[in-house]
Amino acid sequence: MFIVVGVTGGIAAYKTVHLVRLLVTAGHEVHVIPTEDALRFVGLTTWEAISRHPVTTSVHEDVAEVRHVALGRRADLVIVAPATAHTLASMAAGLASDLLGTTLLATSAPVVVAPAMHSGMWAHPATRANVATLRSRGVHVVGPDDGALTGGDSGPGRMSEPETIVAAALAVVPARSDLTGLEVAVSAGGTREPIDPVRFVGNRSSGRQGAALAAAAADRGADVTLVAAHVDDGVLAEVSRHPRVRIRRAGTVDELAAAMAEVAGVADVVVMAAAVSDYRAAEVSERKLSKEDAGGDEVTLRLVRTPDIVAGLADRRRPGQTVVAFAAETEADPDALVDRALRKAARKGVDLLVANRVGWTAGFGSSENAVVIVSGAGDVLARAEGGKREVADSVWDAVLSARLQR
Ligand SMILES: Cc1cc2nc3c(=O)[nH]c(=O)nc-3n(C[C@H](O)[C@H](O)[C@H](O)COP(=O)(O)O)c2cc1C
C-alpha cells in the first residue's frame, strides 16, 4: 500500500519513527509529511532514512510533480501520528498552510489520526468539538491512551502505541478479497548450498519481495504457504503474524525443491520468488576447509548445476494451476531486460515471469522494487515500481487477469 504518515509537533513524534519502520518492514511504501514544528522534535534526516523517501514540509518543493496534491491522491491510507491539538483544529477548519494540510484536503483515502496532548488540552471544548467534526467526516481516531504525560502529569492524552495505531489503521482500509478461495504457494529468500560445515554458496536476497507477495495474497483472501529459504528475521516475523500465512523452512535448493513440489500439489497459484543458487559445490567437505590443508595461495572450488525448480514445477503443473517465476537480472538496458525475460519465460514454460534488475544497490535487500511482468506466450503485461508490497499487488493483479483470460 501507498501510505502517507503525517507527523506533528509533539514529543510522541519519536514513537512515530517506530510506526514508520513497522509499515516499511511490512512492505508498504511510506511517505512522511512532518509539520515545521514536528521537525523540532525529530529531524528530517531521520524521516528520510527510515521511510527511504525524500521528505519536505513545504508545498513549494518538487512543484513540477504537483506534490501538494500528488501524495494525497496516490495514498491508499493517511495516518497522522501524533496529531497535536493544533493540527486537529487545522484539519477541522480545512486549513492548507503546509504540505500536510494540502495533502489531507486532496486525499480521498481513509484518514486515521492518533491524538497526543496534555489531558487538559484533550478535554478542552475546542478540541472535543474539533474531534467530533473530524469523526463526523469519517476520520478514524485511535486513542489517546491514559497514562504518564510529558511534564509529570498523567491522564488521557498519551499517544497509542505504534503497533496499535498500525493495526487500527490497516483495518480501516477497505479490504480486497479477489483472491478468496485460492490456495497459493510462494517461495522467498535465498538458498544456501554448503561448501563445508561452516561455509556456503548463497546470495543477498532478504526475502522481502516473497514475504510481501505472501502478505498481499493473504490480505486479499488467499490461503498461503510461504516456503522460506534464508529470509531476514524481521521480515519473517512480520509475515508469520498473518493468520492466513503458513510458513515452511527450506535451506538448500533440494530442500526448497521438495517443499515446493509438495505444496504445489495442492496450490492454484505457485510463485517462485526465492533466489535459488544455480550452482553448488561438486563435493561438500566433511571438515572445514583450511589454509593448512589446501597448502597454497589458491584453491579451486568446482561447482555443478542445481536442478531448475521452476521448470520442474511448470512441467508438472496441475490443470488450472498458474506458475509464476521471478528472474533477478543485472541487465541495465530496459529493452534487453525485457528480451531476456521473454526468452526465459518461454524456456521455463511458466505462465508469468516477473523480471527485476538487481545489483549492488538495487533489488536485493531494498524495500523498493521495479519489475516488468511478461507472459510465457510472449506478451509484456505490466510494469510496476514502488514498495515491494505495491509490486506484490501488481503481480497478483497480473495473475488474476491471466487466470481470467484462460
Ligand atoms: C516540549 C513540547 C511538547 C509538546 N507536546 C505537544 C503535544 O503532545 N500535543 C500537542 O497538541 N501540542 C504539543 N506541543 C505544542 C505544539 O508543538 C504546538 O501547538 C505546535 O504549534 C503544533 O504545531 P503542529 O500541529 O503544526 O505540528 C508541545 C510543545 C512543546 C514545546
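This is a predicted model: local features need pLDDT of at least 70, side-chain atom pairs count only at pLDDT 80 or more; totals for chains, interfaces and linings use all residues.
Colleague: How far apart are the farthest two C-alpha atoms of the residues that the UniProt annotation "binding site" covers?

Modeller: The annotation comes from an unreviewed UniProt entry, and among the residues it covers are Asp 278, Val 310 and Lys 348. The annotated residues span 71 residues in sequence and do not all gather at one spot, because the farthest two C-alpha atoms are apart by 37.2 Å.

Colleague: Is Asp 278 buried, partly exposed or exposed?

Modeller: Asp 278 is found in the loop between strand S13 (269–272) and strand S14 (279–281), and, leaving aside neighbours within four places in sequence, it is in contact with Val 304, Arg 305 and Thr 306. Buried would require a relative accessibility under 20% and exposed one over 50%. The relative accessibility of Asp 278 is 48%, so this residue counts as partly exposed.

Colleague: And is Val 310 buried or exposed?

Modeller: Val 310 has its place in helix H13 (residues 309–315), and, not counting residues up to four places away in sequence, it touches Met 272, Ala 325, Lys 348 and Val 350. Its relative accessibility is 9%, and because the cut-off for this class is under 20%, Val 310 counts as buried.

Colleague: Which elements do the buried residues of helix H3 pack against?

Modeller: In helix H3 (residues 67–74) the buried residues are Arg 67, Leu 71 and Gly 72. They lie on the same side of H3, because they cover an arc of only 130° around the axis. In general, an α-helix has 3.6 residues a turn, so residues three or four places apart point the same way. The buried residues of H3 pack against strand S1 (2–7), strand S2 (29–34) and helix H5 (99–106).

Colleague: Which residue has a side-chain N or O atom 2.5 Å from an oxygen atom of the ligand?

Modeller: The ligand is surrounded by 14 residues, and Gly 9, Thr 35, Thr 84, Thr 87 and Ala 116 are the closest. A polar backbone atom of Ala 85 is 2.8 Å from an oxygen atom of the ligand, while a polar backbone atom of Ala 116 is 2.8 Å from a nitrogen atom of the ligand. The side chain with an N or O atom 2.5 Å from a ligand oxygen atom is that of Thr 84.

Note on methods. Residues are numbered from 1 along each chain as its sequence is written. Side-chain values use heavy atoms; hydrogens and water are left out. UniProt positions are given in the numbering used here, feature names are shortened, and annotations may be inferred rather than shown by experiment. Helices (H or I, at least four residues) and strands (E, at least two) are DSSP runs, numbered from the N terminus. Buried means under 20% relative accessible area, exposed over 50%, partly exposed in between (1.4 Å probe, protein chains only). Contact means heavy atoms within 4.5 Å. The arc is that of the directions from the helix axis to the C-beta atoms. A residue is near a molecule or strand if one of its heavy atoms lies within 4 Å of it. A polar contact is a pair of N or O atoms within 3.5 Å; within protein, one must be able to donate a hydrogen and the other to accept it, and residues adjacent in sequence count only if both atoms are side-chain atoms.
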